[in-house]
Amino acid sequence: MAIAVMRKLRVAAISYEGDKILDALSKTGAAEIKILEAEENIARPVSDAAALSSRLEEAEGALKELVASSERYAKEHKKAFKPEKDGFFVTYEEFMNAEKREEAEALIAEIKRLTAERVRLGASLASLEKTILSLSPYKDFEILFSAFSNTPRLRVFLGTVENVKEELFETLADACVKTEGNTVLVVALKEAEKETEEFLRGLDFAPCPFLKEAGTGKELYARLNEEKKDLLREIEKIDEAEFALCENIRFLKVYCDRIAYELEKAESVSGKMLATERVILLEAYAPKESEEEISAALSAVTDSAYFDFVEPEEDEMPPTLMRNNGLTKNFEAITNLYSPPNSKEFDPTTVMGIFYSVFLGFIMGDIGYGLFMLIGGGLLWWKNRVKDNGLKRLAAVFAIGGVFAVIWGFLFDSLFGIAILHMRVMPPLLEGNTNWHVLGIAIPALLIVALEVGVVQLFAGYVCRAIQCWRRGKIWDGILDGLVWAVFSIGVGLAIAGLVEELKMIILAYVGGIAAGAMLLTAMLTAGRKEKILGKFTKGFGAAYGVINYASDILSYARLYGLMLSGAVIAEIVSGYALTGYGGSTGMIVSGNAGLVVLGVVLLLLGHLLNLALSLLGAYIHDARLQYVEFYGRFYEGEGELFSPLGSKHAHVFIVPKAYETQFAKKDG
C-alpha cells in the first residue's frame, strides 16, 4: 500500500565509459534516466540514434516479412510452422549477446533479396496473366497471325466485340464478316477502309494486339502458359528459400529488441544527458532500497566515475513505483487504467482492490460462476505467472473476484441459479417476499443491501482522504474534510438500516440521524475556515448542498443490484428450462426424451457461458466506474507517471526475472 521513495542518482564519468554505465544500470532494472536541463557551455552528447532507428526499422520489416511469408507458405503446403510467439523468455546474458550484427544483417539482406525477387516475379506474372487473358479469344486459332495482314486491295480487321450478333454487320457494305464467339474478322475493300474503321469503332471493337507475333494463336497461348509455369516455379523456389529461414525468427526477434535497447540508450544519451569535451553527466531516478544494488553494479564496471544519491528537489515529481504484495499488485492495472498515483500521495490500490473484489463477487453472486472465475482465472494466471503483463493481472483479478462470488453465492443460495441449501443469510432475490419497507415504501431488499455497501465504500473514501491530509501534516484538514464526512457516512448507513421496518431497529435511525446531522452541521461551519466572511457563508452553503450529490453517489451503487439481478434471472431461466423445470414445465435434461436431453445440455452449457461472459463484462466495467468516480473522487489525485527503468520495454521478449533464472537455466540445460 506504499509508493517507493525515489532518490536521484547523479553520475559523472569519462565519455568512453558511458555505454558500460548504461548497461550496468539497465541490468539492475532500477534506474530511469531523467532529462538533465541544458546548461551553458555543456552540450548534449552526440549519438547514433538515427542510424540505430534505421537499423531497427529494417530489422522489424524483415521480421514481419519472414513471419508473413512463412505462415502463408505453411498454410498453402500444410507444413508445420510454430514460430516463437511474442513474449518468450530469454536470459539477460542471451539478450545482451544477441547483437550479432554481421549474422543478422546477412539474414536481413537475404530476406530483402528474396522479397524483392518475389515482387519482381510477381509483377512479371501479373503482366503475363494480363497478356494471356487478352490472348484467350484467339487461343484456338491455328492460322498464322501473319495471315491476317493487309493486301494491296484488301484491309483485314481482326479483334473482339462484346455481345456479337450477325445482324450488327448487315449494314456494312463491301465487306466480308466472320464471327466466332466474341471474335470478329472483317475483310473490306481498301476504298471502304475508313468507313469500316468508323463502323467498328462504334461497336467498341478491340483490335487483336498479336498480329505481329510469329506463329498461331494456339502456339502463342501454349508458349505463354509455359512461361507462366516457369514463373510460378521460380516464385515457389523463392517461397521455399524464405520458409527455410523461418528457424531464424526467434533470433531475429531477440536481435530487434536488442537494437531497440541500443536505440533507447542512444536516445537517452542525446536527449537526456549532458557532456563536456571528456565527461558525460547523467541523472536517474531510483528506488531508495535499490541504492546498494546500483552502487555495486556501477562499481563493477568503473572505478573512475563519480556517483551519489540525493533527494529530489521539492518541485520535482519523480516517477511512481507502487510497492504492493503479490495479491494486491494485480489490482494496480485497474488503478493505472484511470491514472497512476503520483509519487507524493499514498497508493490506494489495496483498499480499492478489496472493494473491487467484493463488488465483483456481489454482481456475479453465484457459486458456479464464482468457481468458473476462480479456476479459469487461476489457470490463466498460472500460465503467465512469470510474465508481468496485463493478462496475468486481469486473470488474477477475476480469480479473486471468483472467491467472493462463491461467498456471495452461498449467502444468496445460488448454484447456476438453483437453490441448493434452502437457507439464506441474505434476503431472497427471485422468490418469496423480496421487498423491505422504508417509511411505508416497498424497496427490493438487495437494493438496500447494495446501497449500504456503497455507504461503506464512501466511508472508506473519506478515511483515505483524511490519511492523505495527515501524511502531509494537515491534521485539521484531515479531520474536518475527511473524518467528519466519514462519520457522516456511518450515520447515513445506520439511518438507512434503522428505517427498514423488517429489521426492527428503529433506534439506529435516531442514532444515525443525529450523527449525520451533527457532522453535516460541523462540515457547514468549518467548510469556509480558510475563506473570508462571504466565502465562509458560501462554502458552508456548498457543504449543505453537497448532501444532494452525496445521495446521488449512494444511488450509483444501485447498479450493483441491477447487474446482479439481470445475471441471476438469466441463470435461473437457463437452469430452469434445461434442468429443474420452469413455469410448470419439466426440465429438458430430466424429461426422458433423448433429443430434449441433448438440447438441454447444449442450452445449459451455452446459456451459462454466455451469461457468465456478459455478466463479467458488465461487472468489470461498472465495478471500475464505481471505483473511479465514487471512491477515487473523494481523495485521489493521480496524474503520476509509472516508473520505467532503462531497458525494461521490449516488443518481443521477456527478460527472465532473477527469481526464475535458475529454473530457466535448468530447462535450457
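A polar contact is a pair of N or O atoms within 3.5 Å; within protein, one must be able to donate a hydrogen and the other to accept it, and residues adjacent in sequence count only if both atoms are side-chain atoms. This is a predicted model: local features need pLDDT of at least 70, side-chain atom pairs count only at pLDDT 80 or more, and totals for chains, interfaces and linings use all residues. Numbering runs from 1 along each chain as its sequence is written, and side-chain values use heavy atoms, without hydrogens and water.

**View 1. Asp623 in helix H18.** The Asp623 side chain reaches the backbone nitrogen of Leu360 at 3.2 Å. Asp623 is buried (under 20% relative accessible area, 1.4 Å probe, protein chains only). Asp623 has no salt bridge (a side-chain nitrogen of Lys or Arg within 4 Å of a carboxyl oxygen of Asp or Glu). Arg559, the nearest side chain of opposite charge, is 9.2 Å away (Lys and Arg count as positive, Asp and Glu as negative; His and the chain ends are not counted).

**View 2. The N-terminal end of H18.** Asn593 caps this end, with a side-chain oxygen 2.9 Å from the backbone nitrogen of Gly595. Helices (H or I, at least four residues) and strands (E, at least two) are DSSP runs, numbered from the N terminus.

**View 3. An open sheet of four strands.** The order is S6-S7-S5-S8, with antiparallel pairing. Strands S6 (175-180) and S8 (206-207) are the edges, each pairing on one side only. Two strands pair if DSSP finds at least two bridges between them. S5 (residues 154-160) and S7 (residues 183-189) pair over seven bridges. Gly159 has Val184 in S7 as its bridge partner.

Terms used. Buried means under 20% relative accessible area, exposed over 50%, partly exposed in between (1.4 Å probe, protein chains only).
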